[in-house]
Amino acid sequence: MISTTSSLKATTEQQFKHLPPPSSHIGSCCLAEWNTARARIGHTVFGLSWHGEFLAGCTSAGEILVWLVPFAREEDDIDELLDDEKWSQSGQERSTFTSKTNSRKPAIKFQASPNNGMLYSIKFLHVQKSLLLGVSGDDGILLYSWDDVQALTIDPSKTPEPKHHFKPPSLHPKMEINDFDIDDDLNIFGASEVGCKWNIESGKLSCSYASSKNGYLHTIKVLPSSTFQGGHSIMLMGGEDGTLGVWDKKCDRLIEHVNIKARMNEDTSLSHSCLPSTMDQDAFNSWKQHDHLWISHMEASESCNWWNLCGGAEDNMGRNFGGHLTCWHAPTRSLAAGCTTRETPSYIARQPSSSVMATIANESVVSYWSAAQLEREKRSWTTSPCSYALAIRESDSVTAVGGVGSRVDILNERGSKLYSVSTLL
């Protein structure tokens, strides 16, 4: 029986030492082992998303949480910033939070999944001049009116009803949705065993997409049509088979499947190995024939001309032994840089108007990289022994990091930890 906080953390860190992200539990990855470790320390925050001063999160318990995180200024005193009265200052958008806001606890918390299923992704979405809060998980994709969610500060006994609920195809009734995105044509896309496309207004499934080897999908991203070559509207999908699917979304046509492992092995001079204990680099050793790579997440530059991908790797015995980061030139879909890591990156995010990106992994660290060269610039410690959720606020690059446990860390743009907020009321 674990009796101290330190021994609890040490046990959990050991439990997660060789674990890939939870969305990669297909195949040889042991979901039962992950569940055992999670049960020892509480539930897990899988998704985070910013809207101004509001930070929304979703959990493995099927909950949606919202915190109010004030904009930080360099001259702000941290103690003052955490003062409840300062957090409850009147303002047009946060006036309803006055009586509910606390610097450590969520202002809003409600059960979104009707079956207590896990929620893996959460995003604020602008749809026809309305602001929606969307989540995806074991029960499909749920879209809530942000006004209805905020109304919980007045009457927390009421659970808001979703405005839209998109379920997997009938052939896959138990298929969870790991990630989702929307386009400008009122379509919403979900990543699971296959990629799915629904029309938001009609609620009907209009198309499905498969990966190169029918592999399980972990991440999906829709790129604006005006930013890509030929005015094409592009959708990216990645998952268990280690290939990046590039689709012409307008005509639902596959453009290319990019094999991450094969491309890194084609020209080893473009990649390097990042040493765990220092910021130094070492030569990249080609992936072995039986090494298996998967894609956990992807991000694009503001111009969408550069794509960054992250994911994990396991050997022929199914043992996880690290991960990978890559940078791609989008118009030519050519590899610009690659990097292998000791940890298994689960999420990647870019700092707005910056060439710096951040990653989280199965360790208590958030790493900051140059997005193009993939050189690690710094590392910051986090509370969670294993992180799965990462979000960077556009206005000031304040970063939120969550994962296993009941704490979400708030860091400034330099990676220094400001404080933590709690998932518990």
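**Questions on a predicted model**

Reader: Is Lys105 buried, partly exposed or exposed?
Author: In this predicted model, Lys105 has a relative accessibility of 40%. Burial requires a value under 20% and exposure one over 50%.

Reader: Where is Lys105 found, and with which residues is Lys105 in contact, leaving aside its neighbours within four places in sequence?
Author: Lys105 belongs to the loop between helix H4 (84-87) and E4. Its C-alpha lies 9.4 Å from that of Leu65, a residue 40 positions away in sequence. With neighbours within four places set aside, the contacts of Lys105 are Trp67, Ser422, Leu424 and Leu425.

Reader: How many bridges join E1 to E2?
Author: Strand E2 covers residues 54-59 and runs antiparallel to E1. Within this pairing, Ser49 stands opposite Ala56 in E2. The number of bridges joining E1 to E2 is six.

Reader: Which residue in the turn between E25 and E26 has a positive phi?
Author: Strands E25 (residues 365-370) and E26 (residues 376-381) pair in the antiparallel sense over five bridges, and Val365 stands opposite Trp381. The two strands form a hairpin with five residues between them. The turn residue with a positive phi, of about 60°, is Leu374.

Reader: Which element gives the most residues to the largest nonpolar core?
Author: This core has 21 residues, and Leu236, Leu244, Trp307 and Leu309 have the most contacts inside it. Two or more residues come from each of strand E14 (234-239), strand E15 (243-248), helix H6 (260-266), strand E19 (292-300) and strand E20 (306-314). The element that gives the most, with four residues, is E19.

Reader: Why is the pair of Phe110 and Tyr144 edge-to-face?
Author: The centres of the two rings are 5.5 Å apart. Planes over 60 degrees apart count as edge-to-face. The pair is edge-to-face because its planes stand at 75°.

Reader: Which parts does the pair of Phe110 and Tyr144 tie together?
Author: Phe110 is buried at 5% relative accessibility, and Tyr144 is buried with a relative accessible area of 2%. The two residues are 34 positions apart in sequence.

Reader: What is the angle between the planes of Phe189 and Tyr209?
Author: Phe189 lies in strand E10 (residues 187-191) and Tyr209 in strand E12 (residues 205-209), 20 residues apart. Phe189 is buried, with a relative accessible area of 0%, and Tyr209 is buried at 1%. The rings are 6.5 Å apart, centre to centre, in a tilted pair, and the angle between their planes is 40°.

Reader: What percentage of the residues in the protein is buried?
Author: The protein has six helices and 30 strands. Its accessible surface comes to about 18,000 Å², of which 47% belongs to carbon and sulfur atoms. Of the 425 residues, the buried share is 58%.

Technical notes. Residues are numbered from 1 along each chain as its sequence is written. This is a predicted model: local features need pLDDT of at least 70, side-chain atom pairs count only at pLDDT 80 or more; totals for chains, interfaces and linings use all residues. Side-chain values use heavy atoms; hydrogens and water are left out. Two strands pair if DSSP finds at least two bridges between them. A nonpolar core is a set of buried Ala, Val, Leu, Ile, Met, Phe, Trp, Tyr and Cys residues joined through side-chain atoms within 4.5 Å. Buried means under 20% relative accessible area, exposed over 50%, partly exposed in between (1.4 Å probe, protein chains only). Accessible areas come from the Shrake-Rupley method with a 1.4 Å probe; for residues, only the protein chains shown count as cover. Contact means heavy atoms within 4.5 Å. Rings of Phe, Tyr and Trp (its six-membered ring) pair if their centres lie within 6.5 Å; planes under 30 degrees apart count as stacked, over 60 as edge-to-face and the rest as tilted.
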